[in-house]
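Trainee: I would like to learn how to read a structure like this one. Where should I start?

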Amino acid sequence: MRNVLITLFLIFSPVLFSKEILYSGDVSFRAETNVPGLTIEGSSKIFKKLSADFSDDLLTLKKIEVELDAQTLKTGIDLRDQHMFEKVFLVLSAKEKPALLKMNLDKATCEKTASILIKCNGEANFLFGKKAFSKKIELNFDKNQNTDVSFNISLKELAIEIPSYLGIELEDSVVIKMKVFKK
Amino acid sequence: MRLKSFFRFLILLTLFLFSSHIFAYPTYIRLNYSSCLACHQSAEGGGSLSAYGKGIAYTESYLSREYTATKENSFLNFEGKMEHSLEARVMVLERLYDYSGNKTRIFPMQLDYTNSIKWKKDLRQEITFAVAPNTARQKGVDSDTAKQSSWINRLYLRTFKLDYSIDKNNHLVFGGSNLPMGLHLIDHTAYVRERNRLGVSDVPIQVQYLRLNKQWQQTYLLFAPNPSDNIANRESGFATKQEFFLMPNLVLGPQTLLAFGKSINRGLLGAFTKWGAGPWAIMSELDFTKREIKNSKMKFDQWSSLIEAHYFIQEYFRTSLGVQFLKVDSPFSEKEELYTFNNEFKFSPHVSFIVEYRQKSTDLLLEKTLFGQIFLNWW
């Protein structure tokens, strides 16, 4: 019986002493075009993984993992979504299905502030299909441990050919926003 | 007689088979397109569609498909310099209240031919000839008893304008068309349109200057009477319209207008909003108008408002609820409320159907009406 208890303790100890927090939320993108007032936007609420791993005292952000299937990004026009997936994301992922968008942040410096729970700065590593890049991001976790993240990515940096359709052409910079809520 | 009916049928069939885009304003709001230039060739919207606008029209229907600008658009287009479009609307109206006239009517509501010529890269001309029922052009005329003259006599020049693009952010427009005020509603009987002189035949001569960028769109315009206007209705003035893109999915548009007429001067102060998110498109407008009768110096106020919430069950199927209010002070006291329930089915890029239930109440009357409309477009 004692051995069983010790075994169970060993199995569950990482869970008992870990502060991995699972989130739900949405990720969106917004790209300006060559026509003023015409922007292309899309979003998804379906994450394959969305979690943050804190230290016990919630002062150290050990890791954030975000995984999104590109096929779940919707712009409001089905044919456009199909295009985006087939001609951008599948190309990026070298025809591998599903085309995953991944973000990992495993080193961040955090501090408590008066108005928010913690403020963390770190360098996030992104993997869009087979293209990788890094980006400095700032995360502010509020008292409910929710956070909003916003950053720009360059299509050229990702070696994405600038998408264009019937005279409308995207600009290089795309704004990515994530709103996440503790489950 | 049979031959005449056959030809009528043939014309309708032709329109049905070759018609194209449909009115897409709620779709434009749902997709958060804040500039008319997204889908139209004119910066102030309406009229000829851009290639991208045609692409959107093709994708947003039950029989959707990808649009490619190919030879299907080559009829007399002089290598892309000239474009044509034909828009027709047939209405079926059923009155659900006690009414002494025809309870059910079927009539052609609209027939517009638009011709657009691109003289130079930055200079475009657009002309729209329209046939409208007599009742649409003459206020106070009963639609059941009015004798409809020949369509030739009901043909008028709805739009004639020159659009000069100084650059992609600055445009000058000269010509005659509806004032580009408020929301771009297709329903010319909406209080915010009809009661603010934005009816189908209100086409003053105007000079517009439009500025637009990523944060806002501004329109400044001067207008003068159209020579074909009834002398008593002629007015001149100026107007401004702003559209601020407050958030990615919210537009706020304050507007002002001052008009000096033969018999009445009026000033308008209003605002409209457009909000789109996911399958939703919500738009609203509130206008305050102060009028002065010149002879008697008598002044009176008018409030008109509208709010519509559209929900897209599918990209091609939209359902909406709308509420409109009108209040006019004495000596022309009026108080009206209008509730609408509207469903639109975009069958193909060429054809769409709208069914609408309306309930209008005044101090004395309660009118319930059912409309069915078929929109046919070709370009």
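Mentor: We will take the contact between the chains, then the cores, the salt bridges and some backbone details. Keep in mind that this is a predicted model.

Trainee: How is the size of an interface given?

Mentor: The size of an interface is often given as the accessible area lost when the parts come together. Here chain B and chain A bury about 1900 Å² between them, and 58% of that area is on carbon and sulfur atoms. On the side of chain B, the residues that lose the most area to chain A are B:Y52, B:E66 and B:K214; together they make up 30% of what that side buries.

Trainee: How many residues does each chain bring to the contact?

Mentor: Chain B brings 27 residues and chain A brings 21 residues.

Trainee: Which polar and charged pairs cross between the chains?

Mentor: Side chains of opposite charge can pair when their charged atoms come close. The count between chain B and chain A is 1 salt bridge. The partners are B:K214 and A:E171, with their closest N and O atoms 3.2 Å apart. The interface also has 10 residue pairs in polar contact. On the side of chain B that touches chain A, helix α3 (residues 51–59) of chain B gives the most, with 5 residues. That side divides into 12 nonpolar, 8 polar and 7 charged residues.

Trainee: Is helix α3 of chain B largely enclosed or open?

Mentor: Helix α3(B) is largely enclosed by the rest of the structure, because 8 of its 9 residues are buried. The buried residues are B:Y52, B:G53, B:K54, B:G55, B:I56, B:A57, B:Y58 and B:T59.

Trainee: What should I look for in a nonpolar core?

Mentor: The largest nonpolar core has 76 residues. Those with the most contacts inside it are A:L61, A:I64, A:F89, A:L139, A:F141 and B:Y33. Strand β11 (residues 168–182) of chain A gives the most to this core, with 6 residues. To follow one member, take A:F89: leaving out residues up to four places away in sequence, A:F89 touches A:A70, A:L73, A:M84, A:A99 and A:L101. Another core, of 9 residues, lies apart from the largest one; B:L179, B:A239, B:L257 and B:A259 are among its residues.

Trainee: How many salt bridges are there over all chains?

Mentor: A search of the whole structure finds 22 salt bridges. One of them joins the side chains of B:E44 and B:K161, at 2.6 Å from N to O. This pair links distant parts of the chain, 117 residues apart: B:E44 is in the loop between α2 (25–30) and α3 of chain B, and B:K161 is in strand β4 (residues 155–167) of chain B. B:E44 and B:K161 are both buried.

Trainee: Which residues of chain B are linked in a network of salt bridges?

Mentor: The network links B:R197, B:D202, B:E235 and B:R266. B:R266 and B:E235 meet at 2.6 Å, N to O. B:R266 lies in strand β10 (residues 264–277) and B:E235 in strand β8 (residues 235–247) of chain B, 31 residues apart.

Trainee: Why do B:R266 and B:E235 count as buried?

Mentor: Buried means under 20% relative accessible area. B:R266 has 4%, so B:R266 is buried. B:E235 has 9%, so B:E235 also counts as buried.

Trainee: What is there to note in the backbone?

Mentor: Check the peptide bonds and the phi angles. A cis peptide bond joins B:S330 and B:P331, with omega about 15 degrees. B:P331 is found in the loop between β13 (317–328) and β14 (334–346) of chain B. A:L166 is not a glycine, yet has a positive phi of about 50 degrees. A:L166 sits in the loop between β10 (164–165) and β11 of chain A, and is partly exposed at 22% relative accessibility. B:K297, also not a glycine, has a positive phi of about 60 degrees. The place of B:K297 is the loop between β11 (280–293) and β12 (298–314) of chain B, and at 59% relative accessibility B:K297 counts as exposed.

How values were computed:
Residues are numbered from 1 along each chain as its sequence is written. Chains are lettered from A and ligands numbered from 1 in the order in which they are written. This is a predicted model: local features need pLDDT of at least 70, side-chain atom pairs count only at pLDDT 80 or more; totals for chains, interfaces and linings use all residues. Side-chain values use heavy atoms; hydrogens and water are left out. Contact means heavy atoms within 4.5 Å. Buried area is the accessible area (1.4 Å probe) that two parts lose on being put together, summed over both. A salt bridge is a side-chain nitrogen of Lys or Arg within 4 Å of a carboxyl oxygen of Asp or Glu. A polar contact is a pair of N or O atoms within 3.5 Å; within protein, one must be able to donate a hydrogen and the other to accept it, and residues adjacent in sequence count only if both atoms are side-chain atoms. Helices (H or I, at least four residues) and strands (E, at least two) are DSSP runs, numbered from the N terminus. Ala, Val, Leu, Ile, Met, Phe, Trp, Tyr, Cys and Pro count as nonpolar, Asp, Glu, Lys and Arg as charged, and the others, Gly among them, as polar. A nonpolar core is a set of buried Ala, Val, Leu, Ile, Met, Phe, Trp, Tyr and Cys residues joined through side-chain atoms within 4.5 Å. Buried means under 20% relative accessible area, exposed over 50%, partly exposed in between (1.4 Å probe, protein chains only).
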